[in-house]
Amino acid sequence: DEIMVWPPGEEEFLWRLSQATLSESGPFSVFPGVERWLVLLEGKTVTLRHADRIHQLEPMTPYSFSGSED
């Protein structure tokens with residue numbers, strides 16, 4: 001769910017804040033040219049698999065990756 005976006009109503013945004021529930025494995029939405037920051041707000045460790053690496057996402061620990069990756 002999108003919480004805020006700037007500038008409002010534009011397809012190309014400068015920043016965007018959203019929240020989602022992880023209920024099953026699957027790819028992320030792709031946002032080329034965007035630096036993504038992900039924070040697990042609650043729950044157990046989540047394993048993120050990128051094409052060239054694996055990352056263990058810990059609760060309340062920010063993680064940054066390219067929006068070009070799924």
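Because the model is predicted, local features need pLDDT of at least 70 and side-chain atom pairs count only at pLDDT 80 or more, while totals for chains, interfaces and linings use all residues. Residues are numbered from 1 along each chain as its sequence is written, and side-chain values use heavy atoms, with hydrogens and water left out.

The protein contains zero helices and six strands, and from the N terminus on its elements run β-β-β-β-β-β. Helices (H or I, at least four residues) and strands (E, at least two) are DSSP runs, numbered from the N terminus. Along the principal axes, the C-alpha atoms fill a box of roughly 35 × 25 × 20 Å. Of the 70 residues, 14% count as buried; here buried means under 20% relative accessible area, exposed over 50%, and partly exposed in between, with a 1.4 Å probe and protein chains only. Among the contacts (heavy atoms within 4.5 Å) with a separation of 6 or more, 33% come from residues 24 or more positions apart.

A pair of aromatic rings is described by the distance of the centres and the angle of the planes. Rings of Phe, Tyr and Trp (its six-membered ring) pair if their centres lie within 6.5 Å, and planes under 30 degrees apart count as stacked, over 60 as edge-to-face and the rest as tilted. The structure holds three aromatic pairs. One of them joins Phe13 and Phe31 in an edge-to-face arrangement, at 5.8 Å centre to centre and 70 degrees between the planes. This pair links distant parts of the chain, 18 residues apart: Phe13 sits in the loop between β1 (2-6) and β2, and Phe31 in the loop between β2 and β3. Phe31 is partly exposed, at 21% relative accessibility. Phe28 and Phe65 form a tilted pair, because their ring centres are 5.6 Å apart and their planes stand at 55 degrees. Since Phe28 lies in the loop between β2 and β3 and Phe65 in strand β6 (residues 63-66), the pair ties together parts that are 37 residues apart in sequence. Phe28 is partly exposed, with a relative accessible area of 22%, whereas Phe65 is buried at 4%. Together with Tyr63, Phe28 and Phe65 form one aromatic cluster.

Not counting residues up to four places away in sequence, Leu57 touches Leu38, Leu40, Thr45, Val46, Leu48 and Tyr63.

Phe28 turns up again at the largest pocket, where it is among the residues nearest the centre, along with Ala20, Leu22, Arg36 and Leu38. From Phe28 to Val46, 18 residues apart along the chain, the C-alpha separation is 13 Å.

Two backbone features deserve a mention. Most residues other than glycine have a negative phi, and most peptide bonds are trans. Trp6 and Pro7 are joined by a cis peptide bond, with omega about -5 degrees, and Pro7 is in the loop between β1 and β2. Met60, although not a glycine, has a positive phi of about 60 degrees. This residue lies in the loop between β5 (54-57) and β6 and is exposed, at 55% relative accessibility.

Finally, the loop between β2 (15-18) and β3 (35-38) also contains Gly33, which is exposed with a relative accessible area of 80%. Gly33 and Ser68 are 35 residues apart in sequence, yet their C-alpha atoms are 6.7 Å apart in space. Gln19 is found in the loop between β2 and β3 as well and is partly exposed at 47%. Gln19 touches Asp1 and Ile3, not counting residues up to four places away in sequence.

Notes
On a 1 Å grid over the protein atoms alone, a cavity is a set of points where a 1.4 Å probe fits but cannot get out, and a pocket is an open set with protein on both sides within 12 Å along at least five of seven lines; lining residues have an atom within 4 Å of a point.
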